[in-house]
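Biologist: Please show me the structure, and let us then discuss it step by step.

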Amino acid sequence: MKIGFIGLGAMGKPMAVNLLKEGYQVSAFDVNRTSVDEIVAFGAVGCSNGGAVAASSDVIITSLPNAGIVETVMVGSEGLFSQCKEGTVIIDMSSVSPSSTLKMAGIAETMGIKYVDAPVSGGTKGADAGTLAIMVGADEAVFEKIKPVLEVIGGDIYHVGPTGTGDAIKIVNNLMLGCNMATLAEALILGVKCGLKVETMQKIISKSSGRSYAMEAKLEKFIMKDDFEGGFAMDLQYKDLGLALEAGKENNIPLPMTALATQVFESGRASGLGREDMSAIIKVWEKITNVRVA
Ligand code: NDP
């Protein structure tokens with residue numbers, strides 16, 4: 001099975017490297033030429049556009065920043081759809097909206113192309129280690145066909161349901177992560193102002209009912225070290241909250257907590273924190289309140 005890979009960024013590059021290490025033949029493209037050169041050094045065939053990837057692949061994986069870019073890569077003038085052989089499977093591992101995926105899947109179907117949404121959780125660390133959680137929206141036969149490929153990239157592979165459901169569960173997950181992180185930040189500030197040490201809050205609340213994954217993953221590693229390099233960029237968390245709001249609008253579901261959390265991260269981005277780990281939102285509260293947590 002020949003694999004195509006488009007989008008060799010923080011997530012895509014380590015995924016493609018793991019496929020190469022497993023012995024798959026990989027053709028790759030990214031708008032960033034340096035990223036293509038880097039993956040060629042691992043044994044991939046470098047391509048100068050998406051169409052060239054499509055022409056030589058049975059399965060094409062995309063890991064791209066957002067739905068607008070995914071759609072351009074699929075249906076643009078040199079897009080994948082016009083170049084794919086009938087029967088090709090496209091696996092989009094980007095975090096995008098279910099509605100965008102369903103639109104792409106609808107077009108793909110008319111051309112005999114299978115289109116799968118398979119967003120991931122686990123960050124760049126999980127991508128490097130090949131241990132990502134992968135949430136797949138696909139029909140059963142297509143899922144079985146691509147499962148061996150996904151097992152190289154991830155540790156927990158979930159077949160959620162038909163096309164679009166992978167994106168749906170990813171949005172729900174990241175809505176909860178964003179809201180929990182926004183809550184953690186303001187709660188820590190209040191605790192410090194009331195005379196608590198951050199270490200005390202970590203020790204006791206991590207065993208109490210207010211604990212969350214945001215606390216487990218972000219408090220000791222980033223906030224207590226006052227170092228927000230790496231991790232999951234605030235810009236990406238903000239994007240994912242936007243996807244949830246979009247899905248809420250489309251489905252007539254009110255999401256007041258999500259709307260508030262979006263504004264919290266908007267203030268972080270306005271403060272220049274968009275590229276730092278999402279937990280850097282604590283800096284906004286520290287500035288407003290003149291309270292230091294770490
Ligand atoms: P990056 O921005 O690091 O990678 C995306 C890559 O795609 C970049 O190299 C970018 O190039 C390239 N690209 C942009 N436009 C095109 C195009 N038209 N054709 C080909 N390549 C293009 O993002 P990540 O790897 O961090 O994220 C990828 C997806 O995974 C996103 O949807 C994100 O939300 C999701 N995700 C990310 C996680 C993380 O921890 N980073 C965790 C879970 C999910 P250039 O930079 O030059 O624009």
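**The ligand shell and the protein around it**

Modeller: The residues of the shell around the ligand (those with a heavy atom within 4 Å of it) divide into 13 nonpolar, seven polar and three charged. Here Ala, Val, Leu, Ile, Met, Phe, Trp, Tyr, Cys and Pro count as nonpolar, Asp, Glu, Lys and Arg as charged, and the others, Gly among them, as polar. This is a predicted model, in which local features need pLDDT of at least 70, side-chain atom pairs count only at pLDDT 80 or more, and totals for chains, interfaces and linings use all residues. Residues are numbered from 1 along each chain as its sequence is written, and side-chain values use heavy atoms, with hydrogens and water left out.

Biologist: Which residues come nearest to the ligand?

Modeller: The shell around the ligand holds 23 residues. It draws at least three residues from each of domain 1 (2–163) and domain 2 (168–289), with bounds from an automatic or database domain assignment. Those that come nearest are Ala10, Met11, Asp30, Leu64 and Lys239.

Biologist: Which residue has a polar backbone atom 3.0 Å from an oxygen atom of the ligand?

Modeller: A polar contact is a pair of N or O atoms within 3.5 Å; within protein, one must be able to donate a hydrogen and the other to accept it, and residues adjacent in sequence count only if both atoms are side-chain atoms. A backbone N or O atom of Val31 lies 3.4 Å from a nitrogen atom of the ligand, and a polar backbone atom of Pro65 is 3.4 Å from a ligand oxygen. The residue at 3.0 Å from an oxygen atom of the ligand is Ser95.

Biologist: How much of the ligand's exposed area does the protein bury?

Modeller: Accessible areas come from the Shrake-Rupley method with a 1.4 Å probe, and for residues only the protein chains shown count as cover. Taken alone, the ligand exposes 900 Å². The share buried by the protein is 79%.

Biologist: Which elements give two or more residues to the shell around the ligand?

Modeller: Elements are DSSP runs numbered from the N terminus: helices (H or I) of at least four residues and strands (E) of at least two. The protein chain has 14 helices and nine strands. The elements that give two or more residues to the shell are α4 (67–75) and α12 (234–251).

Biologist: What is the radius of gyration of the protein chain?

Modeller: The radius is taken over C-alpha atoms, and the globule rule is 2.2 Å times the number of residues to the power 0.38. For 294 residues the rule gives 19 Å, and the chain's value is close to that, so the chain is as compact as a globular protein of that length. The radius of gyration is 20 Å.

Biologist: Is Val26 buried or exposed?

Modeller: Buried means under 20% relative accessible area, exposed over 50%, and partly exposed in between (1.4 Å probe, protein chains only). Val26 is in strand β2 (residues 25–29). Its relative accessible area is 1%, so Val26 is buried.

Biologist: Where does Asn252 lie?

Modeller: Most residues other than glycine have a negative phi. Asn252, a residue other than glycine, has a positive phi near 60°. At 68% relative accessibility, Asn252 counts as exposed. Its place is in the loop between α12 and α13.
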